[in-house]
Amino acid sequence: MAKPAGPTSHDVVDVIRRVLGVQRVGHLGTLDPFAKGLLVVVVGRATRLAPFAAGWTKSYEGVIRLGITTDTDDATGASLATAPWTGVSLGQLASVIAGFRGAYEQRPPAYSAVKIEGERAYKRARRGEAVSPAPRRVEIHELEIVEAAVPDLQFRATVSGGTYLRSLARDIGAALGCGAHLAALRRTAVGPLRLSDAVAPEAVTPAAVRDPAVLVSHLSRREVTDDERGAIVHGRPIPAGPAPSPEPRAPSPVALFAGGELLAVAEHVGELLKPRVVVAEA
């Protein structure tokens with residue numbers, strides 16, 4: 001879906017439920033209300049495939065505003081501090097940006113859905129509690145400043161799942177010594193899916209729903225026989241067949257197809273392929 005700025009990701013899911021008349025609807029990663037762009041929505045049995053896309057990278061375009069830190073790490077929050085940014089040189093900026101490429105330990109925002117002792121961090125923050133979620137390792141695959149019209153830095157980034165762009169903006173500001181927050185954000189891609197192919201939530205029709213096989217396009221693929229299809233859709237294992245090499249079989253999942261239709265995702269159990277997630281109707 002091409003989410004506009006304003007609604008929550010849950011609001012978009014509710015629209016899809018209403019438009020398609022389907023109750024089982026989810027998504028592959030929240031977009032904050034102020035953010036816009038690609039929100040990948042999964043419908044019906046395709047929701048079972050979401051974990052297989054959890055490792056997909058996400059790409060963004062946005063604006064980091066130097067000199068102001070906020071309690072939410074974005075433009076919707078209350079200002080916590082201001083600091084001069086005029087002393088930031090292009091050389092310093094380039095060095096700091098280069099330092100964030102690769103893996104680093106990132107602390108999620110206080111206003112986030114991560115849990116602290118079983119409760120969402122944002123609920124604690126809204127009660128006025130001091131919230132400091134535990135850092136977690138994220139990967140910044142690409143980070144580029146497109147235009148440095150200070151105090152605004154237009155950027156492009158491709159990051160691992162679970163990365164908070166709000167935290168990245170905050171951390172870049174801290175490294176520059178002037179503070180910063182995320183002023184604008186647009187998600188342009190999730191794995192192989194692109195914003196340019198998305199439609200607005202209100203424009204969704206059953207014909208616009210893509211083949212769920214795209215969610216497992218990165219997995220090994222096997223075509224099965226008609227007899228094997230009958231077993232698979234009822235969750236029964238099938239023979240794995242000869243190994244492609246003398247090496248031990250990899251534990252990675254296998255997408256099972258029949259006539260181009262995705263039936264299930266299976267895993268090797270000894271000499272069998274055992275369905276773990278079945279998406280085809282029996």
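Predicted model: local features only at pLDDT ≥ 70, side-chain atom pairs only at ≥ 80, totals over all residues.
The chain has 282 residues, of which 43% count as buried, and its secondary structure comes to five helices and 19 strands.

**The chain as a whole**

- Taken along the principal axes, the box filled by the C-alpha atoms of the chain is roughly 70 × 50 × 40 Å.
- When contacts between residues at least 6 apart in sequence are considered, 65% of them join residues that are at least 24 apart.
- The accessible surface of the chain amounts to about 13900 Å², and carbon and sulfur atoms account for 53% of that surface.

**The loop between strands E6 and E7**

- Strand E6 covers residues 68-70 and strand E7 covers residues 79-82, and Asp 74 has its place in the loop between them.
- Asp 73 counts as buried because its relative accessibility is 6%, and buried means under 20%.
- Asp 74 is also buried, yet Asp 74 has no salt bridge, and the nearest side chain of opposite charge, that of Arg 166, is 4.2 Å away; a salt bridge would call for a nitrogen to oxygen distance within 4 Å.
- The side chain of Asp 74 does make a polar contact, at 2.6 Å, with the side chain of Thr 72.
- With neighbours within four places in sequence left aside, the residues in contact with Asp 74 are Phe 34, Arg 166, His 181 and Leu 182.

**Backbone features in other loops**

- Val 150 and Pro 151 are joined by a cis peptide bond, for which omega is about 15°.
- Pro 151 is found in the loop that runs between strand E11, residues 136-149, and strand E12, residues 152-159.
- Glu 117 has a positive phi of about 50° although it is not a glycine, and Glu 117 is found in the loop between strand E9, residues 115-116, and strand E10, residues 119-120.
- Glu 117 is exposed, because its relative accessible area is 75% and the cut-off for exposed is over 50%.
- Pro 206 has its place in the loop between strand E14, residues 193-194, and strand E15, residues 220-223.
- Pro 206 counts as exposed at 66% relative accessibility.
- Pro 206 and Leu 20 are 186 residues apart in sequence, whereas their C-alpha atoms are 6.6 Å apart in space.

**Salt bridges**

- Side chains of opposite charge can pair when their charged atoms come close.
- The count of salt bridges in this model comes to 18.
- One of them is formed by the side chains of Asp 152 and Arg 65, with a distance of 2.7 Å from N to O.
- Another salt bridge is formed by the side chains of Glu 261 and Arg 229, at 3.2 Å from N to O.
- This second pair also links distant parts of the chain, with Glu 261 in strand E18, residues 261-269, and Arg 229 in helix H5, residues 226-233, the two being 32 residues apart.
- Glu 261 is partly exposed, with a relative accessible area of 34%, and Arg 229 is likewise partly exposed, with a relative accessible area of 23%.
- Arg 276 forms a salt bridge with Glu 267, and the closest N and O atoms of this pair are 2.5 Å apart.
- Arg 276 counts as partly exposed at 46% relative accessibility, and Glu 267 is partly exposed with a relative accessible area of 26%.
- A network of salt bridges links Glu 117, Glu 119, Arg 124, Arg 127 and Glu 129, so that Glu 117, described above for its positive phi, takes part in this network.

Note on methods: Residues numbered from 1 in each chain as written. Heavy atoms only, no water. Helix = DSSP H or I, 4+ residues; strand = E, 2+ residues; numbered from the N terminus. Buried < 20%, exposed > 50% of the residue type's maximum accessible area, 1.4 Å probe, protein only. Contact = heavy atoms within 4.5 Å. Areas by Shrake-Rupley, 256 points an atom, 1.4 Å probe, with all protein chains shown as cover. Lys, Arg positive; Asp, Glu negative; His and termini not counted. Polar contact = N/O pair within 3.5 Å; in protein donor to acceptor, adjacent residues only side chain to side chain.
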